[in-house]
Amino acid sequence: AKVNFHHQDGAVDAVEAESGTSIMRAAVRSGVRGIVGECGGQAMCATCHVYVREPFLDGLPEIGEDEDEMLECTAEPRDARRSRLGCQIELGADLPQIDVDVPASQV
Ligand code: FES
């Protein structure tokens, strides 16, 4: 699967990841700046916040209760439609590619 991380300065990190890997893990493994993943994927830190780009919003898993709560604690403002926690979205057959914007800050 492939994730394109779009940074605020226009740079793009294109990352290849195995099926079953989360957006957060794919970013951390490849050293993508701006994605921290402090809690290790437990939906408890919000440092993996991303803004999902169209047309990838349709078909994503629903926002869970923990994710919803943490999205109220992000460093950059939550976007009602596009904000997600990168650790809660898994890449795979259902999601072979996704493009996300990386927030300017996670702290
Ligand atoms: Fe902590 Fe996603 S890695 S909430």
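"Buried" means 20 or more other C-beta atoms within 10 Å of a residue's own, "exposed" means 12 or fewer, and "partly exposed" is in between, with C-beta atoms placed from the backbone. Strands (E, at least two residues) and helices (H or I, at least four) are DSSP runs, numbered from the N terminus.

Two notes before moving on. You're looking at a predicted model, where local features need pLDDT of at least 70 and side-chain atom pairs count only at pLDDT 80 or more, while totals for chains, interfaces and linings use all residues. Residue numbers start from 1 along each chain as its sequence is written.

β1 and β2 run antiparallel and are joined by five bridges; strands count as paired if DSSP finds at least two bridges between them. Click Val3 and you'll find its bridge partner in β2, Val15. In the hairpin, five residues lie between the strands, and Gly10 has a positive phi near 95 degrees.

**Now zoom out to the sheet.** In what order do the five strands lie? The order is β2-β1-β5-β3-β4, in an open sheet with mixed pairing. β2 and β4 (83–85) are the edges: each has a single partner strand, so one side of each lacks a neighbour in the sheet.

**Select Val52 and Val100.** Val52 stands opposite Val100 in β5. β3 and β5 pair antiparallel over two bridges.

**Bring in helix α1, residues 23–30.** Here Ile23, Met24, Arg25, Ala26 and Ala27 are buried. Their cover includes β1 (2–6), β2 (12–16), β3 (49–52) and β5 (97–101). Pick Ala26: leaving out residues up to four places away in sequence, its contacts (C-beta atoms, placed from the backbone, within 7 Å) are Val3, Val15, Ala17, Thr21 and Leu91.

**Then click Phe5, in strand β1.** Is Phe5 buried or exposed? Phe5 is buried, because 24 other C-beta atoms lie within 10 Å. Beyond residues up to four places away in sequence, Phe5 touches Val12, Asp13, Val15, Ala27, Val32, Val100 and Val102. Ile35 is 30 residues along the chain from Phe5, yet their C-alpha atoms are separated by 9.7 Å.

Definitions and conventions: Contact = placed C-beta atoms within 7 Å.
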